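Please give a short report on the structure shown here. Begin with the overall build, then turn to one strand and its partners.

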Amino acid sequence: MIDPSGWNLPALGRAWREAQPFPHVVIDQVLLAADLARVRESFAWEPHAHLRGELYSQMRSAQPPSQPLVQTFCDGLTGPSVRAAVELLSGKRIARGDGNGYVYREGQYLLPHSDHRESEGRAVAFAFYLAAPERGGELELFDCRTRRGEIISTRSARRIRPRANRLVLFDVGARTLHAVREVTRGARMSIAGWYYGR
Amino acid sequence: MILKSAFTRPEIIQALRPLGALIPGAIDSEQAAALRKHRAWKIFDLAHRGHYAFADLPRAPALHRFAEEFCQLPLSPDARPRLFRLERGDYSLVYDDAQRRLERGVELILDLSARATGEGEIVYTGSDELVIPQLPGLLSAVVRAPATFRYERYLPHSLGRAVIYRMRVTYPLR
C-alpha cells in the first residue's frame with residue numbers, strides 16, 4: 001500500500017539535515033487517494049481509548065491496531081522498504097518500528113515533550129495523518145537553548161498542519177521538543193509511532 | 001480485634017493514610033478578589049515545564065501555623081506563598097519552575113478564582129492519586145513525600161476568558 005520507491009531520497013535527506021529547529025521532513029500524497037479512503041474507513045472502526053495524563057488528553061488505539069487494514073498499513077509504514085528509506089534520509093540506523101492510532105477531538109492535546117528514552121532506542125518519530133481537524137492540531141516543533149545540558153529557553157519554531165495523506169518524520173533526541181496543539185474544531189486522526197535504532 | 005489483622009501493620013496504615021484534605025470556603029471572596037489584583041506578575045515559559053504567571057508574596061505565619069496544626073507535623077516556617085494566574089493554553093507540569101524538589105513537607109493551595117471553570121484540576125501522583133477540582137475558596141492540604149508529584153492540567157479553549165488564580169505555599173518538614 002505504501003511505496004517509498006517514488007520518494008526523492010537525496011532531496012529528502014537534504015531537507016532533513018537542513019530543517020529547523022531540528023531534523024524533520026514532510027512528505028505529502030503518501031497514499032493513492034483510493035487507498036487513503038480505505039484506510040480511513042477502516043480506522044473509523046478502530047477502538048480508541050480516552051487517555052489523560054500530565055502531558056496529554058487523547059484517544060489511543062491498541063498496539064498493534066486491531067482493524068486488519070489499519071494493521072496492514074501500519075506494517076507497511078514500519079516495514080523493510082520504508083525503514084530503508086528512513087535510514088537513508090535520516091542517516092540513522094533503523095532496526096524496527098511500531099505505531100498506534102490516535103484521535104484528537106476538540107479540547108485534546110499533547111503538551112511539549114521529547115520522545116527520547118535512553119533505554120528504548122527511539123531514533124525517528126513518525127506521524128501519518130488520515131484526517132485533519134478544521135482548526136488546531138498542528139504538530140509544533142520547538143527551538144531550545146541549553147546551558148550545561150539543561151534547557152534554559154524554548155521557542156515555538158515551526159507548526160506543521162496535519163493534512164490528510166501527509167507523513168511527517170522527525171528526529172528523536174533529548175532536545176527535540178514537540179507538541180500537538182489543542183484541536184479546537186473537528187477531529188485529527190493519525191497513525192504515529194517510532195522507528196528504533198535497535 | 002474487630003478489623004482484619006493487616007490493619008495493625010504500620011506499613012498498611014501508612015499506605016491507607018490520605019494524601020491530603022480538601023477544605024471548601026477557606027477564604028472570603030473579598031479577600032480573594034484583593035489578592036487577584038496583584039500587579040507584579042512574572043511569566044514562566046518553558047515549553048516542557050509550563051506556562052503561567054506568578055508572583056511571590058511575603059511570608060504568611062498564619063498559613064504556617066494552620067499547616068502545622070492541621071497536619072500535626074513540625075514544618076519549617078521559611079517558605080513564601082506564591083500567587084499563580086493561569087489562562088487558556090496555560091499548564092504547569094511536574095517539573096515546573098521549581099529549582100529544588102521538595103522531599104517531605106506540606107503543600108497548601110488556595111483557590112482565589114472568581115468562579116468555577118470545570119477545568120484546571122491539580123493532580124498529585126505517586127503512590128496514590130489525588131485530583132483537586134478548581135473551586136473558588138477551596139483549600140487543599142497535601143502531605144508530600146519524595147515520590148509525590150504535582151501537575152496542573154492544560155487549560156483548553158473551552159475555558160474562554162476565565163482566569164484561574166491560586167496561592168501555593170510548600171513547607172518542608174523541619
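What percentage of the 198 residues of chain A count as buried? The figure is 43%. The model is a predicted one.

**Chain A as a whole**

Chain A holds four helices and 13 strands. Its C-alpha trace spans about 50 × 40 × 30 Å along the principal axes. The radius of gyration is 16 Å, and a compact globule of 198 residues would have a value near 16 Å, so the two agree. Among contacts in chain A with a separation of 6 or more, 79% come from residues 24 or more positions apart.

**Strand β6 of chain B**

Now to chain B. Strand β6 covers residues 105-111 and is mostly covered, with seven of its seven residues buried. B:G105, B:E107, B:I109 and B:D111 point one way from β6(B). B:V106, B:L108 and B:L110 point the other way. Residues on both sides are buried.

Which strands pair with β6(B), and by how many bridges? Strand β9 of chain B is joined to β6(B) by six bridges. Strand β11 of chain B is joined to β6(B) by seven bridges. The table sets out both pairings.

| Partner of β6(B) | Residues | Bridges | Direction |
|---|---|---|---|
| β9(B) | 139-144 | six bridges | antiparallel |
| β11(B) | 164-172 | seven bridges | antiparallel |

Individual residues show how the strands line up. B:V106 stands opposite B:V143 in β9(B). B:E107 has B:T170 in β11(B) as its bridge partner.

How values were computed. Residues are numbered from 1 along each chain as its sequence is written. Chains are lettered from A and ligands numbered from 1 in the order in which they are written. This is a predicted model: local features need pLDDT of at least 70, side-chain atom pairs count only at pLDDT 80 or more; totals for chains, interfaces and linings use all residues. Helices (H or I, at least four residues) and strands (E, at least two) are DSSP runs, numbered from the N terminus. The radius of gyration is taken over C-alpha atoms; the globule rule is 2.2 Å times the number of residues to the power 0.38. A residue is buried if 20 or more other C-beta atoms lie within 10 Å of its own, exposed if 12 or fewer, and partly exposed in between; C-beta atoms are placed from the backbone. Two residues are in contact if their C-beta atoms, placed from the backbone, lie within 7 Å. Two strands pair if DSSP finds at least two bridges between them.
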